[in-house]
Amino acid sequence: MRIKSIVGIFAAVTFVGLLNFSIVETSWLSEQNHGAAKYPFVAEMTGAYTFLIVLPLLFLAATRFPIRRDNMATRIPLHAAAFVVFAVGHTLLMWGSRELIYHILGWGHYDYGNMRYRFFMEGQKQFIVYVAIYSVLRFIAYARANRERDMAASRLERELTEARLAALKMQLQPHFLFNALNTIASHIEDDPKAAAAMVQHLSSFLRSTLRSSAAQEVPLRDEMDFLASYVAIMKARFEDRLNVTVSVPAELGDTLVPHLFLQPMVENAITHSLRDHTKRAAIRVAASRDGDRLRVTIEDNGPGLVDGAIPSGSGIGLSNTKARLQHLYGARQQLLFENRSEGGLLLTIEMPWHTAEEAVA
């Protein structure tokens with residue numbers, strides 16, 4: 001048992017002893033009994049402190065042998081026996097300690113009365129104490145078991161969510177890698193220089209990704225570095241047909257966002273914007289803070305929504321990002337598509353604004 005618990009129990013028993021002494025003394029005064037206060041003080045304090053000696057028996061019986069529906073036939077007799085030992089032991093300890101103190105202080109013989117009735121009288125009070133403490137200890141044990149069960153369920157749910165997020169992330173990385181490799185392969189023969197540049201940018205992207213491979217969230221500045229490496233690969237492929245602009249205030253750099261959530265969204269925007277081979281793709285990525293919300297927008301000049309339907313071919317990237325946002329932030333996130341008035345598509349992603357320092361706090 002912890003020291004704080006022992007001190008707390010000792011303080012509580014002392015308080016009960018002093019309270020009982022106060023009750024007896026004021027009762028004497030109300031009855032104009034002018035006996036010395038030292039006698040009830042010794043009686044009540046010895047009653048309190050000898051209770052501490054037999055208390056471990058009560059703790060043992062309550063914690064090790066709880067009464068349940070399936071064991072009442074054996075546990076009730078066991079607790080009846082434990083109560084008898086507890087009550088008789090406490091009564092004898094009170095009598096013995098008072099007899100000893102009276103002898104040491106020269107007060108003569110301590111008269112505890114007829115012990116046949118004394119055991120019965122003290123036993124009634126001790127029965128109430130036994131049942132009360134048993135009930136409190138069982139309630140504490142029940143509450144602790146419920147709390148541990150809730151914590152275990154919460155831990156299991158968190159581990160399951162983390163496993164799902166890890167699976168989604170593992171799904172996303174090969175998806176991007178296969179697309180990048182296919183792009184590089186298509187340029188090896190007709191444009192070796194562009195293919196070589198894409199390999200270099202891919203190498204830089206993969207190194208950055210591996211550094212945060214275990215993280216589900218990264219600072220926005222790191223996510224923008226990942227995006228810059230990806231855009232460099234696409235620029236090497238499409239050259240002047242692709243223009244990507246980024247507008248992210250420096251003060252948002254520490255904001256935590258899902259790892260690799262921008263790349264598939266920008267990839268979708270590039271794919272749909274370049275569907276018309278005669279056009280140049282103009283992509284704009286921006287981020288802003290609105291109170292406790294982070295808003296990220298991705299605009300393109302592609303065909304936009306046709307009859308309100310999300311563009312076809314969004315595939316793994318979009319569904320993966322939706323699932324990750326849902327697992328990470330639940331109802332506190334949203335992903336919206338809408339057509340721009342000047343043509344093209346506007347994708348808005350909202351999520352809770354938070355930093356690593358706030359998460360630790």
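**View 1. Gln 32 sits out in the open, exposed with a relative accessible area of 62%.** Exposed here is over 50% relative accessible area, buried is under 20% and partly exposed is in between, using a 1.4 Å probe and protein chains only. Gln 32 belongs to the loop between α1 and α2, and its phi is positive, about 55°, although the residue is not a glycine. Helices are DSSP runs of H or I with at least four residues, strands are E runs of at least two, and both are numbered from the N terminus. A quick note on the source: this is a predicted model, where local features need pLDDT of at least 70 and side-chain atom pairs count only at pLDDT 80 or more, while totals for chains, interfaces and linings use all residues. Residues are numbered from 1 along each chain as its sequence is written, and side-chain values use heavy atoms, with hydrogens and water left out.

**View 2. Helix α1 covers residues 3-30.** Its 28 residues reach 40 Å from first C-alpha to last, close to the 40 Å expected at 1.5 Å a residue; the expected span is 1.5 Å times one less than the number of residues. Which residues of α1 are buried? They are Val 13, Thr 14, Gly 17, Phe 21 and Glu 25, and they pack against α2 (38-64).

**View 3. Helices α6 (residues 220-238) and α7 (residues 262-273) come together.** Their axes, lines fitted to C-alpha atoms over the stretch in contact, come within 9 Å and cross at roughly 30°. Angles run from 0 to 180 degrees between N-to-C directions, and those under 35 degrees count as roughly parallel, so α6 and α7 are roughly parallel to each other. The crossing is right-handed, that is, the near helix is turned clockwise from the far one by less than a right angle. From α6, the contact (heavy atoms within 4.5 Å) uses Glu 223, Met 224, Leu 227, Tyr 230, Met 234 and Phe 238. From α7 come Leu 262, Gln 263, Val 266, Glu 267 and Ile 270. By type, that gives 8 nonpolar, 1 polar and 2 charged residues; Ala, Val, Leu, Ile, Met, Phe, Trp, Tyr, Cys and Pro count as nonpolar, Asp, Glu, Lys and Arg as charged, and the others, Gly among them, as polar.

**View 4. Glu 239 lies in the loop between α6 and β2 (242-247).** Glu 239 has a positive phi near 55° without being a glycine. Glu 239 is partly exposed, with a relative accessible area of 48%.

How values were computed
Angles under 35 degrees count as roughly parallel, over 145 as roughly antiparallel, 65 to 115 as roughly perpendicular and the rest as oblique.
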